[in-house]
Amino acid sequence: MSDNIQEGEVLRQIEREVRMREGASKLLAACSRREQALEASKSLLTCSARILALLSQLQRMRKAQILQRVGHRPSEEAVPSLGKVSLSDLRVPLMWKDSEYFKNKGELQRCAVFCLLQCGTEIHDTDVVMVDRTLTDICFEDTIIFHEAGPGFQLRVELYSSSAVEDFSPGALGPRRSSRLGGSVGRSSGKKIRAAFESAAVCGGNVGAGSVSPPLSPDLSTLGPKFNLLAHATLTLEHVQEGFKTHDLSLAATEDDPFWLPLYGSMCCRLVAQPLCMIQPIISGQLKVKLGEDLNCWENGVSVLRGQSLLCYQSQEDMESEDKPLLEIPITQDTVVCVSERDPDLCQTVNIITWHQGEEVTFRLTPPSPEDTQRWTEAIWQHIYNLSQWKQCCHHLMKIEMQSSKKAIPARQGSLYHEIVTPSAPGEGHVIPDLSVEIRALLSSYYKER
């Protein structure tokens, strides 16, 4: 992908997040219930974080373009493969005073809490959890997966809190938003919902191509509950390990803050990684394999490099059916690959020196042509480099628990404004909707499909 295409894609992502941020601010101004306002405030904060991350990426891209124009050559060092990084089962233990937890005495302290997780330009948030002194741990059930992480990743976990004890005043702009949010749009149609949301997002001005909208107006940016940074931690490749593990938290607030919660100063989670070099086949093709000590004992076959093994099959059908291979050559970060040239007129032989069952063993492979020899050699070298960079993540393929799907939002009749912003009056037979899921789904679907 060319630099201009990449830059254009980043600009489009920024514009999309700006529209979502403006839409979240309109929803925040119109919310009539605290739960609605908390979800809108969280969406506003998440969108702003994504905008900052994308702007930083755009700045790095333009800096690289300037260096290239002045004759600076890009680095020719090997680049390791990307991979998936998953964080799940996040727990933050609390340390209440005995009088608060056991005797239920003292001032009531209740906060809304969520986590913001960032790895590169990928940013995700968790559900909002209500916390008071009846809980000993803050538990987030979300499974967060980052799909484009490198071995040098830094996963920043930020814990945000908002006091839920303070008085909440419904948005003063709520009644005036009815016409703008589409009084005749039914929630049974997903496309109409998104169209109405986009209309609310851009009301008051359109965002032109390649431009970034001005910041939120003061009246919108100061409405509603505010989330404040309570604690944070940064996780790297060294923290990756199957199973539950404890990590230190750095506190960013004090007991005097209204959003304070008594943290132990640690968090527990499962952090696993799946490098692409352990999932995808790296290279495959025809190879002549030496099966024994006899120099004339060679077998033509099809081989594939995958994970920690070079698997040699007798035919393409055997490889596709994943039958037992003729030969399995272990490939690790300590494997050595070299090319021998015994006869210039003959094809070169690829020698793979590795450890097998505690002994150093040399395997010999002959590709069909010199071009194939170079292709196989470079692929194996790159694969060994990837394994060395991802370290313990390549000892075996770690399992990522996939996130359970969210429950579908039931369709109801009525206007978008009255169903999202205004609670139903008592005695009408309607249940007041829980907007935490609905606002999140609205923002998420809008973000993915634009």
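**Reading charged pairs, a helix and a sheet**

Reply: Let us begin with D89, which is partly exposed, its relative accessible area being 25%; please keep in mind throughout that this is a predicted model.

Me: With which residue does D89 form a salt bridge, and how far apart are the closest N and O atoms?

Reply: A salt bridge is called when a side-chain nitrogen of Lys or Arg comes within 4 Å of a carboxyl oxygen of Asp or Glu. D89 forms one with R270, and the closest N and O atoms are 2.6 Å apart. Because D89 belongs to strand 1 (residues 83-93) and R270 to strand 11 (residues 266-275), the pair ties together parts that are 181 residues apart in sequence. R270 also counts as partly exposed, at 34% relative accessibility.

Me: How many salt bridges does a search of the whole structure find?

Reply: The search finds 11. One of them joins E7 to R62, with 3.0 Å between the closest N and O atoms; since E7 lies in helix 1 (residues 3-30) and R62 in helix 2, this pair ties together parts that are 55 residues apart in sequence.

Me: Is E7 buried or exposed?

Reply: A residue is called buried when its relative accessible area is under 20%. E7, at 15%, is therefore buried, whereas R62, at 37%, counts as partly exposed.

Me: What should I compare when I check the length of helix 2?

Reply: Compare the expected span with the distance between the end C-alpha atoms: at 1.5 Å a residue, the 36 residues of helix 2 (residues 34-69) should span 52 Å, and the ends are 53 Å apart, which agrees. After helix 2 comes G71, whose phi is positive, near 95°.

Me: In what order do the 7 strands of the open sheet lie?

Reply: The order is 15-14-13-12-18-17-16, with antiparallel pairing. Strand 15 (327-330) and strand 16 (336-340) stand at the edges, and because each has a single partner strand, one side of each is left without a neighbour in the sheet. From one strand to the next, the twist averages 35°.

Me: Which strand pairs with strand 16, and over how many bridges?

Reply: Strand 17 (residues 349-356) pairs with strand 16 in the antiparallel sense over 5 bridges, and C338 stands opposite N351 in strand 17.

Me: Which helix packs on the sheet?

Reply: Helix 8 (residues 370-390) does, touching several strands, among them strand 12 (283-290) and strand 13 (298-306), and its direction makes about 105° with that of strand 12.

Technical notes: Residues numbered from 1 in each chain as written. Predicted model: local features only at pLDDT ≥ 70, side-chain atom pairs only at ≥ 80, totals over all residues. Heavy atoms only, no water. Pairing = 2+ DSSP bridges. Helix = DSSP H or I, 4+ residues; strand = E, 2+ residues; numbered from the N terminus. Axes fitted to C-alpha atoms, helices over the stretch in contact; angles between N-to-C directions. Contact = heavy atoms within 4.5 Å. Expected span 1.5 Å × (residues − 1). Buried < 20%, exposed > 50% of the residue type's maximum accessible area, 1.4 Å probe, protein only.
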